[in-house]
Amino acid sequence: MSEISLLEHTFPTTTGEINLAQLNAEWLVIYFYPKDSTPGCTTQAVGFSCLKDQFDALNTTILGVSRDSVKAHQNFTEKQNLTINLISDKEEVLCKHFDVIKEKNMYGKKVMGIERSTFIFHNGKLVKEYRKVKAAGHAEQVLEDLKALQAA
């Protein structure tokens, strides 16, 4: 998981297909979230979208990932005016690669779902990861940490 170049796989997104191994991004933020159009996931996606210009100024690409379909992602993007690209990982290739599928307790039932997680890459190498993320304020935290990483 420490190198993005190991992910030689094409994924469908809200703006077409993407191959992370061929993505020429100096800085890359990949965040995983459970489900489109749910309160926490909306908070997180809107947070990253609102800060997209600041991430762009830091030469950083942001990608959101869930198991939702491209159609669900497109509806979510339109409804919330999102400015970030969302990857559909229905086959859980990325989810398994980043080990974000965890047992969760939903209304007393045990289910397997995505644990909210974020990863920062620099030139294809993992430099920071966040697990068990709280949606509120997370995009701001990632931006601040990214600034610190770039200043180091």
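Colleague: Which loop is Asn-59 found in?
Modeller: Asn-59 sits in the loop between H2 and S4. Helices (H or I, at least four residues) and strands (E, at least two) are DSSP runs, numbered from the N terminus. This is a predicted model, where local features need pLDDT of at least 70 and side-chain atom pairs count only at pLDDT 80 or more, while totals for chains, interfaces and linings use all residues. Residues are numbered from 1 along each chain as its sequence is written, and side-chain values use heavy atoms, with hydrogens and water left out.

Colleague: OK, is Asn-59 buried, exposed or partly exposed?
Modeller: Asn-59 counts as partly exposed because its relative accessibility is 48%. Buried means under 20% relative accessible area, exposed means over 50%, and partly exposed is in between (1.4 Å probe, protein chains only).

Colleague: And what does Asn-59 touch?
Modeller: Glu-26 and Trp-27, leaving out residues up to four places away in sequence. Contact means heavy atoms within 4.5 Å.

Colleague: New topic. Where does UniProt place the "active site" feature?
Modeller: The unreviewed UniProt entry puts it at Cys-41. UniProt positions are in the numbering used here, feature names are shortened, and annotations may be inferred rather than shown by experiment. Cys-41 lies in helix H1, residues 39-50, and is buried, with a relative accessible area of 1%.

Colleague: Which residues touch Cys-41?
Modeller: Tyr-33, Pro-34, Lys-35, Phe-76 and Arg-116, again not counting residues up to four places away in sequence.

Colleague: What covers the buried residues of H1?
Modeller: The cover includes S3, helix H2 (52-57), strand S4 (60-66), helix H3 (70-80), strand S8 (117-122) and H5. Phe-48 is one of the buried residues of H1, and among its contacts beyond four places in sequence are Val-29, Ile-62 and Val-142.

Colleague: How do the axes of H1 and H5 cross?
Modeller: At roughly 40°, and the axes come within 8 Å. Axes are lines fitted to C-alpha atoms, for helices over the stretch in contact, and angles run from 0 to 180 degrees between N-to-C directions. H1 and H5 are therefore oblique to each other. Under 35 degrees counts as roughly parallel, over 145 as roughly antiparallel, 65 to 115 as roughly perpendicular, and the rest as oblique.

Colleague: Which residues make that contact?
Modeller: Gln-44, Gly-47 and Phe-48 of H1, with His-138, Ala-139 and Val-142 of H5.
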